[in-house]
Amino acid sequence: MTEANPFPKDFIWGASTAAYQIEGAAEADGRAPSIWDTFAATPGKTRDGDTGAVACDHYRRWREDFAIAEDLGLRGYRMSVSWARLQPAGRGELNPAAVDFYRAQLADLRSRGILPVVTLYHWDLPQILEDEGGWPERETAHRFADYAGRTAAALGDLVEDWIPVNEAWCVSFLGYHEGVHAPGRRDLTAALRAAHHLNLAHGLAAEAIRARRPAARIGSAVIMTDVEAASDRPADHAAAQLSDGNGNRLFLDPLFKGSYPEDMVWHYRNTEAFDAVAAGDLETIAAPLDFVGVNHYHRFRIAADETDAHLGGRALPPEGQVTSFGWEVSPDSLRRVLERLAAEYTDLPVHVTENGASFDDEIGPDGAIDDAARIAYLDGYLRAAGEAIEKGVNLRGYFLWSLMDNFEWGEGYSKRFGLVHIDYETQRRTLKRSAEWYRGVIASGGASLAWG
Ligand code: FCB
């Protein structure tokens, strides 16, 4: 139990969003299709055929959204810029209209005293680059570095904090192995090659940003899952280890240790995937960072399962309370992944770059949205983050997913993660009770959490 509020005074209380999930305006001002436009427009790929073509219309309503962010007292805002908007051809000059759009946004955030943190790749690969082979091709990492360097040159007087790639695991395994995210391919070797090229893209982009903006601070947004063996049986342990290797270490080890995990290299020895690793790649990937960003949503208890051809395991059903996604509510998992990061990987400053929960929010007769379950979720996870600080983790910020309800990828608009409710018919914004609650948490510097 915590005696005193552990959050430092300069803690960055923030929220996160991503371009394709909120912007809409898919055809405005020279934007080209991304793989998500193509995927979502393909029948049967997203829930109810939903697409991000309109989303929250943030492209036109962003001033209203940033006024809400300021009203809540946010100190930081993690957003992504759209590659398909900034560099529609996937190469060459940036699109001036897109540069103007993001410059206006960044200047506005700064004028409101909100620190912008910019992700360069939150899943919206220009379709033209997928047509040329996408992330399984090494050239895509070079294209990304070019885009990153040009974007740092164009926007870097307004932003210091950059995150090249959001969740390389999701991009590679959900997009190229399971096929449930864009581009919807089902090819394990392609997914593994994509994973390496996303890791490489991170490293090459970091170099390109620093070449243009030497004072830039560069971090990650690695998804970290809390993996446990379902029992003490050696077979369950072995399956849990492979699951951890695939979901966590395949991405953390190259970033912080400059190597791929031996058990993964062995596990995938028949795929030729690691042939994609060229001399010097790991040095590029492991170049020192300025901060670490961790996205955290899951605990998995893994049991051995011989019928699973990929990793020989399966996750047991969640225990206790779940979100509307069916994701287990397990606040202590956040403390565990943060402590593990500090113990096994790095003592760099850490930010939780995503964490949050979807619930089926109901609008009351008076128009209010009393999302008590989300408040309880956030309270528990924030206290767990505080406990990690007490245990010595150098945690500097928390960027809640998400500022507003948005297009939740394969689940379309059916999953609501926002502090702010979006009525997709009218584009009306309504603060949920959790937004008022978070405003209080921020104003109190964390003291108003349910400590003790
Ligand atoms: C993460 C994604 C983010 C959002 C949340 C719920 O994996 O980075 O865009 O969809 O999940």
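This is a predicted model: local features need pLDDT of at least 70, side-chain atom pairs count only at pLDDT 80 or more; totals for chains, interfaces and linings use all residues.
Local features require a pLDDT of at least 70 and side-chain atom pairs count only at pLDDT 80 or more, whereas totals for chains, interfaces and linings use all residues. Residues are numbered from 1 along each chain as its sequence is written, and side-chain values use heavy atoms, with hydrogens and water left out.

A search of the whole structure returned 36 aromatic pairs. Rings of Phe, Tyr and Trp (for Trp, the six-membered ring) are paired if their centres lie within 6.5 Å; planes under 30 degrees apart count as stacked, over 60 as edge-to-face and the rest as tilted. In the pair formed by F407 and W409, the centres are 6.3 Å apart and the planes are at 75°, an edge-to-face arrangement. Both F407 and W409 are buried, a class defined by a relative accessible area under 20%, with exposed meaning over 50% and partly exposed in between (1.4 Å probe, protein chains only). F407 and W409 also belong to one aromatic cluster together with Y20, W36, F39, W123, Y413 and Y424.

Charged side chains were also found over aromatic rings; the criterion is that NZ of Lys or CZ of Arg is within 6 Å of the ring centre and within 35 degrees of the ring normal. The charged end of R269 is placed over the ring of W266, at 3.8 Å from its centre. K415 lies over the face of F325, with a distance of 5.5 Å to the ring centre.

Helix packing was examined for two pairs of helices. Helices (H or I, at least four residues) and strands (E, at least two) are DSSP runs numbered from the N terminus. Axes are lines fitted to C-alpha atoms, for helices over the stretch in contact, and angles run from 0 to 180 degrees between N-to-C directions. Angles under 35 degrees count as roughly parallel, over 145 as roughly antiparallel, 65 to 115 as roughly perpendicular and the rest as oblique.

Helix α8 (residues 168–177) packs against helix α10 (residues 234–257) at an angle of about 130°, and their axes are 10 Å apart. The two helices, α8 and α10, are therefore oblique to each other. The crossing of α8 past α10 is right-handed; a crossing is right-handed if the near helix is turned clockwise from the far one by less than a right angle, and left-handed if anticlockwise. A168, W169, S172 and F173 of α8 make the contact with N246, G247, L250 and F251 of α10, where contact means heavy atoms within 4.5 Å.

For helix α13 (residues 331–345) and α14, the axes come within 8 Å and cross at roughly 30°. This angle makes α13 roughly parallel to α14. The crossing of α13 past α14 is right-handed. On α13 the contact involves P331, D332, L334, R335 and L338, and on α14 it involves G380, Y381, A384, A385, E387 and A388. A372 is located in α14, which spans residues 372–390, and is partly exposed, with a relative accessible area of 39%.

Cis peptide bonds were identified at two of the sites described here. One joins A182 and P183, with omega about 5°, and P183 lies in the loop between α8 and α9 (188–212). Another joins W401 and S402, with omega about 10°; S402 is in the loop between β12 (395–401) and β13 (420–423).

Positive phi values also occur at residues other than glycine. A55 has a phi of about 50° and is found in the loop between α2 and α3 (58–72); A55 is buried, at 3% relative accessible area. E167 likewise has a positive phi of about 50°. E167 is placed in the loop between β4 (161–165) and α8 and counts as buried at 4% relative accessibility.

Two further loop residues are buried. E23, in the loop between α1 (19–22) and α2 (35–40), has a relative accessible area of 3% and is buried. Leaving aside neighbours within four places in sequence, the contacts of E23 include A55, D57, H58, R85 and Y102. V81 is in the loop between β2 (76–80) and α4 (83–86) and counts as buried at 0% relative accessibility. With the same exclusion of sequence neighbours within four places, V81 is in contact with residues including A19, L86, Y102, D124 and Y147.
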